[in-house]
Amino acid sequence: MGPPKIVQLDGHEIKATKVEHLDPRRTVYRFRLEPNSYRHIIPESATSVIIKQLKDDREEKFEDEQTAYTKLKDLQGGVIPEFYGQGYYDGLPALVLSDIPGITLEDLTRSNEEVPENLIKSYLEDVFDKLSKYQAFYLDQKLDNFILCGDREHGYSKVMAVDLENVEIPSQLRPWHWSINQEGPRSLMEEFKYRRNPKSESIPLEMWKVGQDKGASHQHLQLISTYYSAYKEGSKGVTMDFPTRPPSSQESLQRYYIGKDIGSVPKPAVVLDVAIIKRHCASMLDAVKSLDVGFRAHVKTHKTPQIARLQVGEDKSIPANFVISTLLEGETLLPFFKELRATGRKVNVLYGIPLVPSQVPRLAALARELGEGSISVMIDHPDQVQYLTEFRELAGHAVSVFLKVDSGYHRAGLPPSMLNKGGLIEKVTERERKGELILLGVYSHNSLSYGGDTPEEVMGFLVQEITGCREALRKNKDLFTLPGGKGRELVVSVGATPQVVVVKKLLEEEGQLNEEAKRLKSLLHEKDVDGELSVKVELHAGVYPVLDMQQLGTNIHPTADADKEVGISVVAEVCSVYNDAERSKPEALVAAGSLALGREPCKSYPGWGVVGDWRREKGSSRLIVDRISQEHAIVAWEGGDGSTIPLKVGQTVRIYPNHACVTGAIRPRTDPIVRVRTGCWACRRRKKKCDEAKPICGGCVRNKLTCQWPTIIPGQPKANNISFMPEEDGHHDRQSNEDGPPRHTSVNRETSSSIESRSTSPSSPEEILRESNSPEDTSRESPASGPLISMDLAPTPAISSSQALGTSASVSNLLPRSLSMFPGHGPDSYQLLSHYLATTADCMANGSTPINPFLVQIVPLAFSSDLLLQLVLTQSAAHRAFRCHKESDEVAQKHYTSALQLFRKGVTDFIDGKESNPLMLTVGALVMCFTETAKGDMNGTIFDHLTAANSLLIRLLSQSDTAVPKDLKDFVIEYYTYTAAVSMISVDARVSTQLFLNFDLEQRARQLLQSEYVGNLCGCWLELLLLIPCIFDLGRQWMMHDGRPAMPTADDIAMFSSLQVQIMRWTPYASVSPEVFLAGRIFQQAMLLYLYTALGGFSRAENGMYQGLIETAITEAMTYLGQLSGTARINSGLCWPIAVVGSCLTNAEHQDSLRRRLTVMVNTFGLGNMQRTLLILEHMWQMPLDETGPWNICRAMQRNQIWISFA
């Protein structure tokens, strides 16, 4: 029985002869209308309609789509489908829409039909242009949401947009809104080209496909270092040699640039016009002084002491107040701040975002350098007050505090009516009475003025801001009263560049001021707030010294001429010119793109920058940056239809950017990036440069981390050193050994009494490493009590001819003795080996390739190594015991104990230089990982094995392929990469920075991708596994605290988008089997879920962020799982994606489906980790909805004391 053939519309029945379910993921149907039947308002000519039924838990989106159709009525039938009304289908509300004849752009990419790409692009541009005229912004920019209307026979006439549930029609426009539609055609065409030819250049970040925080108004692109060699001015025959990198000191910069023409500097380059900057800074100082208001200069646009000096002037009687956006800005300008303080001038530096705990140590360090009263912070939440006490303890004096007020921009701060949220004011005043802080006043920043079109409108925003701050103080005046009922004066710090620049107009004669100006001037000097409280207005601004095209768009400046008003520009060279009808209009290509200009739109013109008149012929209209890519841009006439472009190839042009702050931030590094391999362990784990200050480095001081150091052997090459990772807790001796005698081993152990008191053997390689010191080493023990091991190895001996036979290495080259059949082993060992060969090895490998490395690589090594032989027997015994439902097995325990003793001996021999090749130890540590997998260990022992394997593997990979065969080395890399990557989900990203897969190992794994590597652990999805550390690091930054997480930054959004594109673009290799292909798709959907649920915490709210994306990924994953048999060998590697998908499930049928699947897998493979995966999912399915999702798996483990890996 198919779907119903009747839909109710306005009480009338509309009947169909046939109903097609268009997409199993959606409730969308095509209704083939019954001929000559009643149509109501549906045209007689229509043969079919589209029914879009309300989907579960999607009421809000359903209403949004209906609202969009209603508001865009004039576009129906031309740009969007006709909307016939809301009806009811199968008992649920449904939208009745016209059926659009044609083909989706997604389907077109898969067809053989050739349609000119420029035609499709022009149709898309028409769609987005018409949507923009109605201020409707289409967010869901996917190829299957756009239909090319017509057919091959009669031709195509246009493109229409469908699926309007993600169309936003804002009541208040923001500058970033316009970029959504402006970027739409380009983004879609890039994706279209890529889908048609996957080997083509990568598409840009899909910023608007993820529904990110709209407050992040620009892509903050990665900083890229640029290096220059030699610039030759060929026409003059003069050679100008430039350094291989820009010099860093001021003196060398002066020698480098002074006397050179702007056209001769390395390009693209940012140029600052000092004359313009001085004029703007001087006029600002004159205005605030004449109006008798305070002033605070923001330095984020330029970040230079030279311009900062111009911003505050030379009058020492006026306080030098600054705002910084990052602590790096403050640290860079610290010498300048200290210089001002040395002249007796008051200096106060405000950290320009609400305080976060990680920045407190660095802020306190600045305060210690500058002295009391030098540092201010802003807060807008009662939980931030605790950090102020910590600041005082670190700095030695109290911090000054602003309360952040939200006056309408909604980026940070509290509304005036809620300034005392959670008793914030009481907590602040209480700490003030205790001397722990100094309350300065309230702070507001309202960038809505960027949308102003007249000086009066901009003044209105400033009036609104001051009024809001005064109202916040008035409502809470009693809470601000000083002890004894004394009143006080508080600062009201307000402004943004348009609002602050416009106050210059208040200096005109009183009779020339309009009413808005008079009101503002009065408000600036109105001090009293209901008697006891008075205020002093302080203005703050940042971009005003240089201005930009966005600022000129507010029409508050004397002239809109960028050459006269804008003090920042980018000089770039013209690559090519297209004036001879090569294109639909004259254009030129310049070598400066979004990395130089940024990618922020401007409301006053449709471009990404304006080409100045400097050294070029003028035209009838402006030359603008019409289109922009990463490294280059297209220049065209603003009107689009001008004469030839008056530029020549090789000519230098100056381009004025839309947003100076972005351009100022995207500049080359002046120093090379240095990877330090001798830093402390904390910096190495965090992949941060260590300043190597001892005993505690600067990074550990700033971030309050335990600073631990590897021991260095004097005179020994660093490449021959290996250091095992110390434990996180415990104390240790931080003194350097540089002046001491050479040591091969330095061990801090537990006291002998504590060791003797143990009743069992050590349970992991980590414990063996901590106990492996011989008795004669006790004289060198550190007095510290915490366990620590730091091993430094002697130089590696040369490989003898017996170790490397011939030029081609193989496993047999590694066998140092003749093979023997179990000397000293009993019958049980033969049985275990037989079980390993017949069963265990097959269950460990997922069958992606016909060659099983657990047989062809591990077994030959086991016959040459007592350690590996014991471990193979242990793994087989553990596997056999679990299949027989034995929780413990004496045979397995006996072999495991023997293996650990042999591991201890191997470590000792390795340290003493008796064994130079760490292969057996490395493989041994990895085999122990899978032994825990086989027996279903729940104590987290596998993580200890991983830590030991990490250091050993790094040492192993430094050896040549003649020492370790390439195929064996590749397998070991895959073995570790797989185990480390899927184990990271068991680590709590909120409190830990532990990454099992470090940078060097990740790069070695990436080398395998060049040969389309397929392995029996990673399958064909190694590329996806290598993204897990990136997602983990991204999620950790967003989820550091319990409670409401902070919104992602623009950097976070750019990284999220990049990861999303990489995952979605990934596809299994064409050569793999159908089972491997399906498993790859399952991994892909799990990766998307892992990424989506990292966004500020996983939420099942009805209107939760990215809920639609999450549901789609779940549906796709369950579909693929349904197509893959639970008994297929590939399932042995699917515990991780099953755990990720399962942790997101709320549907009981889906949960039961996974429950049955895991049960089948346990019965088929007999691997303990499969049963433990089901156990942890059962716990998660009992948890509240807001505690589900992959990022809460680790918390479920903590709550139930179940520590497992999904390897």
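Good morning. The structure is a predicted model, in which local features need pLDDT of at least 70 and side-chain atom pairs count only at pLDDT 80 or more, while totals for chains, interfaces and linings use all residues. Residues are numbered from 1 along each chain as its sequence is written, and side-chain values use heavy atoms, with hydrogens and water left out.

Helices here are DSSP runs of H or I with at least four residues, strands are runs of E with at least two, and both are numbered from the N terminus. A residue is called buried under 20% relative accessible area, exposed over 50%, and partly exposed in between, with a 1.4 Å probe and protein chains only.

I turn next to charged pairs. Side chains of opposite charge can pair when their charged atoms come close. A salt bridge is counted when a side-chain nitrogen of Lys or Arg lies within 4 Å of a carboxyl oxygen of Asp or Glu. By this rule the model has 36 salt bridges. I shall present three of them.

One joins Glu165 and Lys52, whose closest N and O atoms are 4.0 Å apart. Glu165 sits in the loop between strand E10 (155-161) and strand E11 (167-168), and Lys52 in strand E4 (residues 48-53), so this pair ties together parts that are 113 residues apart in sequence. Both Glu165 and Lys52 are buried.

Another salt bridge links the side chains of Glu106 and Arg110, at 2.8 Å from N to O. Both residues belong to helix H2 (residues 105-110), where they stand 4 residues apart, about one turn of the helix. Are these two partners buried or exposed? Glu106 is buried, with a relative accessible area of 15%, whereas Arg110 is exposed, at 57%.

The remaining example pairs Glu471 with Lys475, with the closest N and O atoms 3.6 Å apart. These residues are 4 residues apart in helix H13 (residues 455-475), a separation of about one helical turn. Glu471 is partly exposed, with a relative accessible area of 26%, and Lys475 is also partly exposed, at 48%. Elsewhere, salt bridges that share partners connect Arg583, Lys585, Glu587, Asp626 and Arg627 into one network.

On the surface, Asp56, Glu59, Glu60, Glu63 and Asp64 form a patch of negative charge. Of these, Glu63 belongs to helix H1 (residues 59-71). A patch is made of residues with over 30% relative accessible area and no salt bridge, and like charges are joined within 9 Å.

Let us now consider the loops. Which loop holds Thr1188? Thr1188 is located between helix H40 (1168-1180) and helix H41 (1193-1200). Thr1188 is buried, with a relative accessible area of 5%. A polar atom of the Thr1188 side chain lies 2.7 Å from the backbone oxygen of Leu1185.

Leu547 is not a glycine, yet it has a positive phi of about 60 degrees. Leu547 is found in the loop between strand E23 (533-541) and helix H16 (549-552), and counts as buried at 1% relative accessibility. Ala581, also a residue other than glycine, has a positive phi near 65 degrees. Ala581 lies in the loop between strand E24 (568-578) and strand E25 (587-590), and at 70% relative accessibility it counts as exposed.

Val982, in helix H31 (residues 966-983), is buried, with a relative accessible area of 0%.

Thank you for your attention.

Definitions and conventions:
Polar contact = N/O pair within 3.5 Å; in protein donor to acceptor, adjacent residues only side chain to side chain. Patch = residues over 30% accessible without salt bridge, like charges linked within 9 Å, V, L, I, M, F, W, Y side chains within 5 Å. Areas by Shrake-Rupley, 256 points an atom, 1.4 Å probe, with all protein chains shown as cover. Lys, Arg positive; Asp, Glu negative; His and termini not counted. Charge placed at Lys NZ, Arg CZ, Asp CG, Glu CD.
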